[in-house]
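Please read this briefing with the sequence and the 3D view side by side.

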Amino acid sequence: MTTPTMPLAAMGAPLMALRIFADEFRHLPAPWVTISTVYPDLLELSFHDDVDGFEIWCEALRIRPEAVQHSVQRDGRTGVMQAVTNYSGGPVELICFTTIPASEGTRSGVEVGS
């Protein structure tokens, strides 16, 4: 059984947004860019340990600080900031993943085995 293929035109909104960003925001830090056939109308821009880049993009896209959601993943070791806005006819999601340093009282597995 073959899976029907999706035409590239189905990704028109995120591709157009990306084209506009490449022109208008070429001076901004480059994010990790994702466009997927699973969510063909979504453009995802992610930042890894780059809070400044995330905040610069939020400001450029006029995302208010109170619209940014904050959470923690991976046993409290990864901070996540997330915001969504509409641009060029589709959603643009900004995500920032940051490493949360271990607290002073936490010992590593190497230290425990010593």
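Does Thr-5 count as buried or exposed? Thr-5 counts as exposed because its relative accessibility is 73%, and the cut-off for exposed is over 50%. The model described here is predicted.

**Thr-5**
- Thr-5 lies in the segment that comes before H1.
- Between Thr-5 and Thr-37 there are 32 residues of separation in sequence, and their C-alpha atoms are 9.3 Å apart in space.

**The sheet**
- An open sheet is formed by 5 strands, and its order is E1-E2-E5-E4-E3.
- The pairing in this sheet is mixed.
- Strand E1 (32-34) and strand E3 (69-73) are the edge strands, and each of them pairs on one side only.
- From one strand to the next, the twist averages 25 degrees.

**The pairing of E1 and E2**
- E1 pairs with strand E2 (residues 43-48) in the antiparallel sense, over 3 bridges.
- Opposite Val-33 stands Leu-45 in E2.

**Helices on the sheet**
- Helix H1 (residues 12-24) packs on the sheet and touches E1, E2, strand E4 (78-87) and strand E5 (90-99).
- The direction of H1 makes about 50 degrees with that of E2.
- Helix H2 (residues 51-60) also packs on the sheet, where it touches E2, E4 and E5.
- The direction of H2 makes about 155 degrees with that of E5.

Methods:
Residues are numbered from 1 along each chain as its sequence is written. This is a predicted model: local features need pLDDT of at least 70, side-chain atom pairs count only at pLDDT 80 or more; totals for chains, interfaces and linings use all residues. Side-chain values use heavy atoms; hydrogens and water are left out. Two strands pair if DSSP finds at least two bridges between them. Helices (H or I, at least four residues) and strands (E, at least two) are DSSP runs, numbered from the N terminus. Axes are lines fitted to C-alpha atoms, for helices over the stretch in contact, and angles run from 0 to 180 degrees between N-to-C directions. Contact means heavy atoms within 4.5 Å. Buried means under 20% relative accessible area, exposed over 50%, partly exposed in between (1.4 Å probe, protein chains only).
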